[in-house]
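Thanks for coming, everyone. I'll walk you through one structure today, from single residues up to whole chains. Here it is.

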Amino acid sequence: MPDAVVLDLVVNGESIQVLAPPHLTLLEVLREKLELTGAKEGCGEGACGSCTVLMDGRPIRSCLTLAVEAAGHPITTIEGLATEEGLHPVQEAFIQHGAIQCGFCTPGMILSAKALMDRNPQPAEADIREAIGANICRCTGYAKIVEAISSLSSNREDGHE
Amino acid sequence: MSEDRTQYKYIGRSLPRVDSRAKATGQARFSADLSFPRMLVGKVLRSPYPHARILNIDVTRAKALPGVKAVITGQDTHGEKWGVFPYTRDMQMLQTEKVRYVGDEVAAVAAVDEDTALEALGLIRVDYDILPAVFTIDEALADDAPLVHEDHPRNRNVEVNIDVGEVDVALLGAYLVRTDTFTAPEDDYFMAEPYAVCARPDADGNIEVWCPNAGPHMKAKPLANVLKLPMSRVRVRKIAIGGAFGGRSEISPADFLCSLLALKTGRPVKIVYTREENTITVRQGHGMVVTHTTGMDREGRVAARSSTAHLDGGAYSSTGPIAVSVPFLCMEQTYRLENVRFHGVRVYTNKPVRGMIRIHGRAYACGVDMQLDMMAADLGLDPVDVRLKNARRPGETTATKSLVGSCGLVECIEKVVEKSGFREKYGRLPKWRGIGLGLNSVQTGFPLGIRGGSQAMIKFNEDGGVSVISGVVDNGQGNDQMIVQIAAEVLGVPPNEVDLITADTEVTANDPGSYSMVSTFAGGNAVRLAAEDARRQLFEVAADQLEANPADLVARDRKIFVKGSPQRGLALAKVVRLALIQGRPVMGQGSYSPRVDHGREWVSNPEGQLSEAFSFGATAAEVEVDPETGQVKVLNVVAAQDCGYALNPMVVEGQFEGSVAMGGQGGMLTEFHAWAGGHCLNPTQLDYQVPLAVDMPPITPIIVETIDPNGPYGAKEAGMSVAMSAAQAYACAVANAIGHYIKDFPLTPDKIVEAIRTRAPRAPREFGSGNLFDHVKK
Ligand code: FES
Ligand code: FES
């Protein structure tokens, strides 16, 4: 087995040094070394999106990303979304709109949605579907998820929805 | 919605689910998320062959590998065989003599980490004598077929025969008779969470188990059996569960292997399946071949139907007797049938094991509706009228003698037809567009003998806090919220203040589990009764204090007061404390066992009350087909279901929408397994196509409420009738669009293109026009 290396990670705003073999994926390091189990392994091969986290604000598949690649790039996991003031608006919208059933896809889905809202605060429905197009949800049929994200569009009140 | 919702404070309202906050923040723990001090990693060695005799297993090198703490083979087990029914006990948790499919369990290891465990698997040497195998229903039933189980000649596993009325006479007298064969290969759950199990032994010989389940009590019993432990020592704990859809009902060999490894090493062990393992070794949907012979009178009434169904069951029985029967039962509930015959056969093959799935029997159900469309066309009748003529009405009895109480099927049809514009569109849509209608009905539970009922308890803390104790499990559908809303309503406390102690076999009492769509009906009723029992006791204490009649009291907003005079009341906490000090502490109890005929048995006596209530659904789908590529674009779906009463409309709608995705969009357009020599060719989400957000059409959910007299607040079941009817609607819509009835599901582009290019299309564009091929020639 290859020797462990020291990784300088920035996770949810915190600088962390992790000692890990270089072949570990970011998902493995998050779940097993940092005990951040919000990111899930649904497939381990880039197909399901349940392992989605944000790297430099962009959604990535942590199962396909080596932890060494993430060194130095700010990582946001689902655990890092809520603040002392409360839940992130995307989290709140998912709860209020019934967008969460079993919840296994939810962390990845919420992070994909957050990344979308950060770069496009007025997404059209097609933008939303595309932004979560690589996050598989087997429970909801996506309808309530799309509703939840649409509800956050800054467009809504203006009747442009 | 029909029911006046103002009479309730919490029931019938779209409240956010109590479990959603933990899930939105990543704090909800699923089985694979658990870790314990000194925990070991478990891995399973599986058969690489579809059929082989095990000659010898040598584990010496694996055992010697540093870091390996235990290696187990069939020799370490009691050899016990598991089966859902006493007559279907055919599956060992580790095979001792033969392996019967690629993936069958042969050995397991526990080691300090995953790499060591995997290395150890590679060091186990198994000598096999490879046997000839059977991979299809035809091969399995052949005269000289190799036998998957030696005691089942011709690989016939389970047979169900039903014969009611005078089928042959009625067919002879029918105006029109058609025979069609419909087929569908295996489909799959693809629940989001791959199977994972954690087992932790304690010093007293107990074992705690966390795993995805559709009923912890239904897990604990077989697990105790195969471990040869009393049930009280096997504690299946509550854990977040990433979907079930019928695929988490039975004990999994992983539960047993993980527990045995934990007991042997005295350390916690975790086994996490890969996606591929989850697909291959948990359960799959059955492949099915169905032939319907249906006779109709001139007006479109079905005079008789004779159906045969052959199911590819894979290597073991699983829920076989139920699986064979349910496709027939759903349809006998949906449509009136006085003369009906059913011959269902489940065969063993050397493929993975098949169980119940949300759209179980798609070939059967889609075949029924598609054939109705064909016959309506032949007779020049409107397909909606034909369905209405044959649709189930309340107060009727099914062919196998189940009384149908509440039934809103006609209302579902009418609403869906109106909302989708079906009558205006059918036969009048532009070229390559079509619309289809499907109807279905499912049960709220089966006769499950001693495990058919649910028990609940309500206890209070001295500060007035309420805890509900119930065996009901939530696999994602919202059962926790259902329980909380019911208890909150009865006791007059806010739902988010109700503490839940559920799905833990050490503390919760018997419950049938969440499969067979029974949770709301049995578990919800039990919680309602327990809460009412607690409230009655609270009212007695409060009535003494208030010098009022208990019958005049109400519980609302954490207070108990005289109806109409909220000032004449006491805080709930005060009443709880009074009860404590008076030596009559409040503890509510309730149980509910659905009234079914316990003499009914799937094979030996398929007759009698199957379920206390039935839900009904109708779905219309409108599609557009690209004739060049065979791609189907779904333009619109309208789905209605009589769910009795929507305890939480938002949750119910979520069930409908998920059902359309799984049943219609996936189940009828893309989802199937492909095989080569017993190997599944598409075990992962890269190649098995489940619907994505970009695929889904707009869905209009319509909740129909019939207020079932026996369901909690009138509720029955939500969602499954939609999953099934959506599949049927999609199938009929594509036929309507391309002018050809494709009878092999799902309707993938290759089949659609082939049907358009090479065969004489026969589906009508307009009923009664007599010009069936017109639009394709243009
Ligand atoms: S686990 Fe990473 S995409 Fe599925
Ligand atoms: S909520 Fe279950 S997979 Fe999305």
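Is R595(B) buried or exposed? R595(B) counts as exposed, because its relative accessibility is 53%. The cut-offs are these: buried means under 20% relative accessible area, exposed over 50%, and partly exposed in between, with a 1.4 Å probe and protein chains only.

Some ground rules. This is a predicted model, where local features need pLDDT of at least 70, side-chain atom pairs count only at pLDDT 80 or more, and totals for chains, interfaces and linings use all residues. Residues are numbered from 1 along each chain as its sequence is written, chains are lettered from A and ligands numbered from 1 in the order in which they are written, and side-chain values use heavy atoms, with hydrogens and water left out.

Back to R595(B). Its side chain meets that of E612(B) in a salt bridge, 2.9 Å from N to O. A salt bridge here is a side-chain nitrogen of Lys or Arg within 4 Å of a carboxyl oxygen of Asp or Glu. Both residues lie in the loop between β25 and β26 of chain B, so the pair ties together parts that are 17 residues apart in sequence. Helices (H or I, at least four residues) and strands (E, at least two) are DSSP runs, numbered from the N terminus. E612(B) is buried, at 8% relative accessible area.

Now a longer link. K401(B) forms a salt bridge with E607(B), with the closest N and O atoms 3.7 Å apart. K401(B) sits in the loop between α11 (383-390) and α12 (409-420) of chain B, and E607(B) in the loop between β25 (587-592) and β26 (614-625) of chain B, so this pair ties together parts that are 206 residues apart in sequence. K401(B) is partly exposed at 47%. E607(B) is partly exposed too, at 37%.

How many salt bridges are there over all chains? The search of the whole structure finds 59. One of them pairs K751(B) with D744(B), at 3.0 Å from N to O. K751(B) is buried, with a relative accessible area of 18%, and D744(B) is partly exposed at 29%. Elsewhere, salt bridges that share partners join R200(B), E208(B), R235(B), R237(B), D504(B) and E506(B) into one network.

Let's look at E208(B). Strand β12 (residues 207-210) of chain B holds E208(B). E208(B) is buried, at 13%. Its side chain makes a polar contact with the side chain of R237(B), at 3.0 Å. A polar contact is a pair of N or O atoms within 3.5 Å; within protein, one must be able to donate a hydrogen and the other to accept it, and residues adjacent in sequence count only if both atoms are side-chain atoms.

Next, the cores. A nonpolar core is a set of buried Ala, Val, Leu, Ile, Met, Phe, Trp, Tyr and Cys residues joined through side-chain atoms within 4.5 Å. The largest has 160 residues, and F94(A), I413(B) and F745(B) touch the most other members. Helix α18 (residues 720-738) of chain B gives the most to this core, with 14 residues. Apart from it lies another core, of 50 residues, including I483(B) and V576(B).

On to domains. In chain B the assignment, which is automatic or from a database, gives domain 1 (5-27 + 449-592), domain 2 (37-131 + 192-243 + 248-281) and domain 3 (287-447 + 600-758). The centres of domain 2 and domain 3 of chain B are 36 Å apart, taken over C-alpha atoms. Their contact, meaning heavy atoms within 4.5 Å, takes 19 residues from domain 2 and 24 residues from domain 3. Between these two domains the rule finds 0 salt bridges. The polar contact count is 11 residue pairs, both at pLDDT 80 or more.

Last, the chains. Here 42 residues of chain A are in contact with 49 residues of chain B. Together they bury about 3,600 Å², 57% of it on carbon and sulfur atoms. Buried area is the accessible area (1.4 Å probe) that two parts lose on being put together, summed over both. Q101(A), C102(A) and R138(A) supply 21% of the area that chain A buries against chain B, more than any other three residues. The rule finds 5 salt bridges across this interface. D33(B) forms a salt bridge with R31(A), with the closest N and O atoms 2.7 Å apart.
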